[in-house]
Amino acid sequence: MAGFVGREQYLEVLDGELERARGTGEGRFVSMRGRRRVGKSRLVEEFLRRQEVPVPHVFFTASRQSLGRELSLFAEDVVGSDLPAAEVVRGGLAFDSWDAALTLIASTADRSSPTVVVMDEFPYLVEADPAI
């Protein structure tokens, strides 16, 4: 991977959000906006890579498919992740909604450490399911 320069300010913002989650034990929702292909996804990948204590996470990229297909792809990414929910999903659980998927992740998370769920191309998910 090419060197990562010029984004320290953004990394500090993400670090601050993670520290707030650690300090309060409460979830955080962080939204990033910007033109396509400017490095938002790469920024998040670098943020996760730089953590001194690895943070359990899943990185999902929506692909403008049907709700059922997106949920199935998300489940596959969860299975391949280091989230505690991976074992449950590996056991054959299928998601029927985003609410069910995110509730499972939250309910199985280790309360002593943050869990990160990245949903890249989030607007595509909203197109398929405005309830998200």
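The largest pocket in this predicted model has a volume of about 1,600 Å³. A pocket here is an open set of points on a 1 Å grid over the protein atoms alone where a 1.4 Å probe fits, with protein on both sides within 12 Å along at least five of seven lines; lining residues have an atom within 4 Å of a point. Local features need pLDDT of at least 70 and side-chain atom pairs 80 or more, while totals for linings use all residues. Residues are numbered from 1 along each chain, and side-chain values use heavy atoms, without hydrogens and water.

**Pockets**
- The lining of the largest pocket has 44 residues, and Val30, Val116, Val117, Val118 and Met119 lie nearest its centre.
- The second largest pocket holds about 240 Å³ of space.
- Its lining includes Arg7, Tyr10, Val30 and Leu43.

**Aromatic pairs**
- The whole structure has 5 aromatic pairs (ring centres within 6.5 Å; planes under 30 degrees apart are stacked, over 60 edge-to-face, the rest tilted).
- Phe29 and Phe122 are edge-to-face, because their ring centres are 6.4 Å apart and their planes stand at 70 degrees.
- Phe74 and Phe95 form a tilted pair, with 6.1 Å between centres and 45 degrees between planes.
- Phe60, Phe74, Phe95 and Trp98 form one aromatic cluster.

**Exposure**
- Phe29 is exposed, at 67% relative accessible area, and Phe122 is partly exposed, at 25%.
- Both Phe74 and Phe95 are buried (buried is under 20%, exposed over 50%, partly exposed in between, with a 1.4 Å probe and protein chains only).

How values were computed
Rings of Phe, Tyr and Trp (its six-membered ring) pair if their centres lie within 6.5 Å; planes under 30 degrees apart count as stacked, over 60 as edge-to-face and the rest as tilted. Grid points are joined across faces, edges and corners, and a volume is the space filled by probe spheres set on the points.
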